[in-house]
Each structure stands twice: as C-alpha cells, then as structure tokens.
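Subject: Structure for you to look at

Dear colleague,

Please find the structure below, with its sequence. After it I go through what was found, beginning with the place where the two chains pack against each other.

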Amino acid sequence: MNDLQLRLWLLTTPEKISKRRRAGRKAERIAEFESAVIVGVLLGGALGALQLQEAIPRWSQVPESLFVIAHLAAVLLVTTALTERVRAGLLCGVIASISQFLTLLGFYAHSYGIVVSIIVIPLQSLRILTYPLAGVIGGYIGNRIAEAWSGRSSRPIRRVNR
Amino acid sequence: MVSRSIRIKIAFILLAVLVLFTPFLYPAFSCRIEKEQLRTSVGSPRWIVGSEGGILTMKITIQNTAGCDANIELLQFTMYRLINPDNTTEDVSLNDSQAVHTTIPAGGNITVNFAFEQPFKVGPRAVLVRIAIILQDGSSLEVFDGAIDTTVRQKP
C-alpha cells in the first residue's frame with residue numbers, strides 16, 4: 001500500500017463504517033417500530049376483550065377507576081418491557097388505542113348494530129386516549145433501563161467545531 | 001440460559017398481566033352482603049278484590065345491616081302454599097317478581113310496595129312465601145321464608 005492508497009483508505013473507511021452503522025441503526029429502529037406495532041395490536045385487542053368482561057354483572061361493584069388504572073399500568077409496563085425508544089412507546093400506545101377501539105367497535109357492531117356501537121363506544125373508550133401518554137412514559141423508562149444495562153447513551157454525540 | 005434483560009422484560013410483562021387481572025379479584029376482597037344482613041319484614045298485607053278475583057298487596061321493608069351499600073335489582077316472590085279460611089291447605093307454585101333498581105345504604109332501609117298479580121277467586125287466610133333479593137352482581141339472597149297472614153286488618 002503506497003502513501004496515496006493509505007491516505008484514501010484512512011479517508012474512506014471511517015465513512016463506510018459510519019454508513020454501515022447508520023444503516024444498522026436504521027434497521028434496528030425499523031425493527032423496533034414494527035414490533036411496537038405488533039405489540040400495540042395484540043395489547044389493544046387483549047385490553048378490549050378484558051373491557052368487555054367488565055359488563056358482566058359479577059364485576060359491577062368494581063369501581064371503573066380501578067379498571068382504568070389497571071389498563072394504564074399494563075400499557076406502561078408492556079411498553080417499558082418491549083420498547084427502548086420514546087417514539088416506539090408512543091407508537092405502541094397509539095396502536096393499542098386504535099386496536100382496542102376497533103375491538104370494541106367490532107363487538108358492539110356485531111351484537112347490537114353499528115348505530116348503537118357508534119353511540120356507546122365513545123363513552124366506553126375514553127380511557128384509550130391516555131394510552132399514548134402511558135406508551136411515551138413506558139418508552140422513556142425502557143430507554144433508560146436499556147441504557148443502564150448496556151452502558152450506552154442514546155443521545156447523539158454532538159460534534160463541536162473548533 | 002436466558003439473559004438478564006430478557007428475564008426483566010418477562011418480569012415486566014408478567015407484572016402487567018397481574019395488574020390487569022387485579023380488578024377482577026376486587027369482589028373477593030370487598031364487602032360481601034350475607035342474607036342475614038338484609039332483614040326483611042312484610043307488612044300491611046291486603047286483598048284487593050277486582051272483577052277477575054283478588055290480588056295480594058303488601059309492603060316489604062328491607063333493612064341493610066351490612067357495612068356496605070346493597071344494590072338491589074329485583075325482588076322475587078314465590079308463593080308455595082295457601083291456607084284457606086276453612087284451614088285446608090293447597091300446595092301451589094306461583095312466582096312473581098318486581099324490578100327495584102335501588103341502592104340501600106349501609107344501615108339504611110327501604111319499603112317497597114309489592115303486588116302479587118296472580119288473581120285468586122277466593123282469598124286464602126294465609127300464604128306461605130319465599131322472598132329472594134337479586135343483587136346487581138347477579139347473586140340471589142333468600143331473605144324471607146314464612147307465612148303472611150292476609151286477614152290482619154290495618155290499624156286506622
């Protein structure tokens with residue numbers, strides 16, 4: 001390797017490595033967003049199915065606030081466990097909200113008709129509006145936990161021009 | 001071997017499942033009303049005679065001695081024996097119910113006017129009845145099983 005080649009190698013290789021890293025991070029981010037969507041769909045479906053159980057007279061004496069708190073805590077814990085980014089947590093929360101809404105809509109539309117479901121669902125599904133916030137908090141906690149384990153920082157290193 | 005991070009993630013998900021099912025355990029730990037805590041008495045039984053026969057009306061008073069509110073949905077009334085004025089008895093199986101939809105606060109009471117709408121040609125001297133209360137959670141409590149003397153006159 002002559003001097004010119006060495007200079008070229010020194011100039012291009014870090015750039016290639018940085019590109020590969022960026023591509024790797026992007027793929028990692030996309031994978032995490034995909035898993036956040038899948039988790040959100042499953043979580044929302046499960047929460048919707050559980051919410052339908054609340055209508056059974058046996059549970060009528062349970063305060064509704066207890067169900068709301070339990071649902072919020074579940075979204076928070078699941079996003080903490082399965083996401084490592086605030087945006088992924090937010091996406092998971094939003095998808096969970098939509099999935100739960102559609103689960104309830106599907107059930108009520110099938111059982112009582114679309115008109116009744118459109119009237120009833122907005123009253124029954126106010127709690128889903130809080131899932132994105134729970135997802136954001138869960139994503140943030142998941143991020144902090146991941147940082148603590150790996151010792152890495154998710155914050156980009158800023159270059160300072162001197 | 002499962003890594004530490006996976007174990008902690010599994011722990012978070014198990015905790016989430018546990019939290020989700022916690023409200024469903026609430027009835028097991030909350031106040032339960034026993035049938036002895038709903039003291040029921042029947043007063044002012046009266047025959048109201050119409051063109052198709054007489055119907056039995058009465059006032060049912062329920063006192064809630066439990067430590068929590070009682071959400072009452074329905075009163076179920078089963079008449080299983082008639083005692084006629086000539087002291088002959090007749091076994092019957094007559095059922096009637098009345099929606100109440102009310103809450104009796106802890107220590108409070110309510111009085112419900114009840115009319116047994118199945119008409120009798122000849123009013124019996126007394127009837128043997130069972131009264132059950134259906135609570136909002138679907139549980140049924142038999143709160144009264146005894147005779148109601150229908151010849152008792154109301155004091156003016």
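Helix 2 of chain A (residues 64–82) packs against helix 1 of chain B (residues 4–29) at an angle of about 175°, and their axes are 8 Å apart. Because of that angle, helix 2 of chain A is roughly antiparallel to helix 1 of chain B, the cut-offs being under 35 degrees for roughly parallel, over 145 for roughly antiparallel, 65 to 115 for roughly perpendicular, and oblique for the rest. Axes here are lines fitted to C-alpha atoms, for helices over the stretch in contact, and angles run from 0 to 180 degrees between N-to-C directions. On the side of chain A the contact includes Leu66(A), Phe67(A), Ala70(A) and Leu77(A), and among the residues of helix 1 of chain B that take part are Phe12(B), Ile13(B), Val19(B) and Tyr26(B).

Residues are numbered from 1 along each chain as its sequence is written, and chains are lettered from A and ligands numbered from 1 in the order in which they are written. The predictor gives the complex an ipTM of 0.75 and a pTM of 0.62. For chain B the pLDDT (the predictor's confidence in each residue, from 0 to 100) averages 83, and 94% of the residues score at least 70. Where pLDDT is low, the predicted coordinates should not be read in detail.

Taking the contact between the chains as a whole, 18 residues come from chain A and 17 residues from chain B, two residues being in contact if their C-beta atoms, placed from the backbone, lie within 7 Å. The side of chain B that touches chain A has 10 nonpolar, 5 polar and 2 charged residues.

Turning to the chains themselves, chain A has 5 helices and 0 strands, whereas chain B has 1 helix and 7 strands, which from the N terminus on run α-β-β-β-β-β-β-β. Helices (H or I, at least four residues) and strands (E, at least two) are DSSP runs, numbered from the N terminus. Of the 162 residues in chain A, 28% are buried, and of the 156 residues of chain B, 21% count as buried; a residue is buried if 20 or more other C-beta atoms lie within 10 Å of its own, exposed if 12 or fewer, and partly exposed in between. Among contacts between residues at least 6 apart in sequence, those that join residues at least 24 apart make up 82% in chain A and 66% in chain B.

In chain B, 4 strands form an open sheet in the order 4-3-6-7, with antiparallel pairing, and two strands pair if DSSP finds at least two bridges between them. Strand 4 (89–104) and strand 7 (140–149) of chain B stand at the edges, each with a single partner strand, so one side of each has no neighbour in the sheet. From one strand to the next the twist averages 20°. Strand 3 (residues 70–83) and strand 6 (residues 126–135) of chain B pair over 10 bridges, and within strand 6 of chain B the bridge partner of Gln76(B) is Ala132(B). Strand 6 of chain B is joined to strand 7 of chain B by 9 bridges, and in their hairpin, which has 4 residues between the strands, Gly138(B) takes a positive phi near 95°.

Asn64(B), in strand 2 (residues 53–64) of chain B, counts as buried because it has 21 C-beta neighbours inside 10 Å. Asn64(B) and Gly107(B) are 43 residues apart in sequence, yet 5.3 Å apart in space, C-alpha to C-alpha. In chain A, Gly45(A) lies in helix 1 (residues 3–53) and is partly exposed, with 16 other C-beta atoms within 10 Å. Leaving aside residues up to four places away in sequence, Gly45(A) touches Ser99(A) and Thr103(A).

Note on methods. This is a predicted model: local features need pLDDT of at least 70, side-chain atom pairs count only at pLDDT 80 or more; totals for chains, interfaces and linings use all residues. Ala, Val, Leu, Ile, Met, Phe, Trp, Tyr, Cys and Pro count as nonpolar, Asp, Glu, Lys and Arg as charged, and the others, Gly among them, as polar.
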